[in-house]
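Open the model in your viewer and keep the selection panel at hand. We will go stop by stop.

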Amino acid sequence: MKPVFLIAVNFVREQRWPIFVLLLWVLLLAFLGLFSDIPRQREDLLFVFKQVAVYVIAFSVFFGGSAIYNERKSRRILAVLSKSVARYQYLSGLVLGVTIASGIYCFALGITGSWTLGEAGFPISRVWFLMVCLLLACMLAGTVALMFSTFLNPFFAAGATAAVLGLPALAGHGIATQWQYAIPVYPLAAIIMKSSFQAPGVAFWPPLGLAVLETLAFWVLSARIFSLVDIAVAVE
Amino acid sequence: MPGAAPVVNARLWILRTFQKPCQSRVLGPFRIGRMAPALEFENLSKEYRSFPRRCLRALDDFSLVVEAGEIFGFLGPNGAGKSTAIHLAMGFMRPTHGRGRMLGQPFGDAHARRRVGFLAENVSLYHRRAERLVRFYGALNGMGRTYLAKRAREVLIAVGLQEQSKRNVGRFSRGMLQRVGLAQALVNDPELLILDEPTSALDPAARVMVRELLLAAREAGKTIFLSSHLLSEVELICDRVAVLHRGKLVRLGRTRDLLHSSEKTEIVARGIAASAFPEAVAHDGVVSFSAPATAQRAVLEQIWSLGGEVVSVNPARRSLEEIFLEVTAAPGPADEKGRP
């Protein structure tokens with residue numbers, strides 16, 4: 001477990017600047033809270049909150065999709081995997097790293113959202129439920145991207161991830177609603193996007209459990225694929 | 001001698017860097033039975049395939065055994081397959097055919113790597129302070145915090161970076177980066193050190209230091225598998241060498257056996273003219289030249305018949321460079337599968 005944690009913390013450290021840039025969006029929401037008339041502009045605040053929330057899903061795809069590629073391209077992966085670190089532990093570290101990076105963002109957004117939206121009358125417990133949904137959506141999206149990045153470059157990995165996450169959403173709209181739960185990133189994002197002051201919604205847990213299970217499944221699949229990859233071969 | 005104290009101190013640090021294998025703090029005490037080979041390559045082949053139907057055979061039926069406690073030189077021209085063999089041993093790649101064992105475990109075993117130190121060619125490390133970086137890599141090997149802190153300081157002293165331990169390695173020169181790379185390879189007090197071009201970017205003083213370090217490691221019973229293009233260095237420190245050419249092992253043997261040619265003899269004589277023998281050189285009244293070992297007796301009789309005196313007769317000593325050029329100049333093993 002120790003190597004997994006070390007790799008995760010190291011990943012977050014390496015991604016500190018993108019995380020910092022992401023946190024500027026949260027700062028934007030905080031500024032809006034400071035300099036606006038919250039009760040009168042609460043709908044605008046909620047709109048910004050939702051927008052800022054879903055950006056991080058895209059970022060988690062980029063985090064996951066580029067992690068292995070960057071490490072292989074820089075050849076830093078060789079020094080790490082020359083230690084007593086199995087491939088699956090290395091991948092677990094990256095999944096945990098993506099989750100921590102997203103978690104930092106979700107936590108900052110949760111704090112800012114509790115303050116701004118809470119003051120406007122939105123239930124604070126609901127804000128944190130949305131943050132849990134967001135975090136699990138990021139974790140699943142990041143793991144899917146990581147799985148593709150074990151054998152594709154980041155550009156194709158991001159495209160493939162978008163397809164895998166998007167197709168069930170399309171099927172959910174076109175065929176049957178249940179299809180969207182095949183990969184429940186869209187339903188989790190939808191919970192956030194559909195929240196309103198009039199109908200904050202109730203906690204609906206099944207998609208969250210499904211996201212955890214699917215994250216595990218994609219992690220196992222990633223580990224299997226990654227164990228077959230020649231990591232010392234130059235990446236293009 | 002005013003300069004002797006620092007040299008002695010440095011030597012002591014180097015020796016303290018290594019513990020006998022049975023004392024390893026990382027592994028705990030363990031029993032030494034009959035020493036298994038440190039590295040075994042068994043009929044390994046590796047082919048790189050690329051779209052659409054290109055195939056490059058980097059290693060072809062390669063077999064080699066590296067015994068525990070030796071410094072083994074692994075030589076070959078660029079593209080010979082040296083790094084491929086090392087990467088297979090470290091588990092970075094999977095062989096197309098064959099198998100191998102490292103410290104008694106199959107290649108790629110993560111537990112076996114706990115007892116291994118590895119330095120890659122063109123080392124690339126995270127941009128952190130040197131000491132923290134070495135501790136990070138040590139912690140990946142499961143080392144405890146207190147011992148690791150002490151050990152990181154020790155290895156940084158051993159590679160001559162004690163003054164730079166608080167500096168970020170992102171600002172290091174290539175030579176310094178290579179020394180940090182060596183420090184991270186040594187931090188777990190490994191039984192087996194696998195070094196891919198460890199001195200390529202180092203200045204002469206640092207090379208001497210690394211050489212001392214490797215010899216001290218051998219004294220402590222460690223095994224060193226050294227891939228290098230610096231043949232003079234390999235000649236100085238390696239017990240055995242192997243030369244790889246186009247994916248095949250073309251020469252293997254003890255360094256001293258390879259360097260002493262059984263085909264030629266070096267003869268030194270006095271009291272004869274240098275012109276009496278082709279390629280003879282006269283210096284300070286003695287004439288030296290080499291002759292085929294089969295003609296040794298006839299040559300000696302010729303010296304005596306000319307009224308000369310034989311000073312010495314020795315097997316001719318060749319340089320590793322000569323051997324290397326000889327075995328790699330010949331066309332490599334036939335490779336119909338795409339090698340240019």
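Two residues are in contact if their C-beta atoms, placed from the backbone, lie within 7 Å. Keep that cut-off in mind on this tour. The model is predicted.

**Stop 1: two helices in chain A**

Select helix H6 of chain A, residues 124–149, and helix H8 of chain A, residues 185–193. Their axes come within 9 Å. They cross at roughly 155°. That angle makes H6(A) roughly antiparallel to H8(A). The crossing of H6(A) past H8(A) is left-handed.

Now show the side chains where the two helices meet. From H6(A), pick Leu130(A), Cys133(A), Leu134(A), Leu136(A), Ala137(A), Leu140(A) and Ala141(A). From H8(A), pick Val185(A), Leu188(A), Ala189(A), Ile191(A) and Ile192(A). Which classes of residue make up this contact of H6(A) with H8(A)? Color by class and look: there are 12 nonpolar residues, no polar ones and no charged ones.

**Stop 2: an arginine in chain A**

Go to Arg87(A), in helix H5 of chain A, which spans residues 87–119. Is Arg87(A) buried or exposed? A residue counts as buried if 20 or more other C-beta atoms lie within 10 Å of its own. Arg87(A) has 21 within that distance, so it is buried.

Next, select what Arg87(A) touches. Leaving out residues up to four places away in sequence, its contacts are Ala223(A), Phe226(A) and Ser227(A). Draw a line between the C-alpha atoms of Arg87(A) and Ala223(A): they are 6.7 Å apart. Along the chain, these two residues are 136 residues apart.

**Stop 3: a helix with two faces in chain B**

Move to helix H11 of chain B, residues 320–329. Select Leu320(B), Ile323(B) and Phe324(B), which are buried. Turn the view to look down the axis of H11(B). The buried residues fall within an arc of 100°, so they line one face of the helix. Turned away from that buried side is a face with the exposed residues Glu321(B), Leu325(B) and Ala329(B).

What covers the buried residues of H11(B)? Among the covering elements of chain B are strand S3 (71–75), helix H8 (231–237) and helix H9 (255–259). Strands S9 (240–245) and S10 (248–254) of chain B also take part.

**Stop 4: where the chains meet**

Show both chains. Here, 21 residues of chain A are in contact with 23 residues of chain B. On the chain A side, helix H1 (2–14) and helix H4 (76–81) each supply at least two residues. H4(A) gives the most, with five residues. By class, this side of chain A has 12 nonpolar, four polar and five charged residues.

Terms used:
Residues are numbered from 1 along each chain as its sequence is written. Chains are lettered from A and ligands numbered from 1 in the order in which they are written. This is a predicted model: local features need pLDDT of at least 70, side-chain atom pairs count only at pLDDT 80 or more; totals for chains, interfaces and linings use all residues. Axes are lines fitted to C-alpha atoms, for helices over the stretch in contact, and angles run from 0 to 180 degrees between N-to-C directions. Helices (H or I, at least four residues) and strands (E, at least two) are DSSP runs, numbered from the N terminus. Angles under 35 degrees count as roughly parallel, over 145 as roughly antiparallel, 65 to 115 as roughly perpendicular and the rest as oblique. A crossing is left-handed if the near helix is turned anticlockwise from the far one by less than a right angle, and right-handed if clockwise. Ala, Val, Leu, Ile, Met, Phe, Trp, Tyr, Cys and Pro count as nonpolar, Asp, Glu, Lys and Arg as charged, and the others, Gly among them, as polar. A residue is buried if 20 or more other C-beta atoms lie within 10 Å of its own, exposed if 12 or fewer, and partly exposed in between; C-beta atoms are placed from the backbone. The arc is that of the directions from the helix axis to the C-beta atoms.
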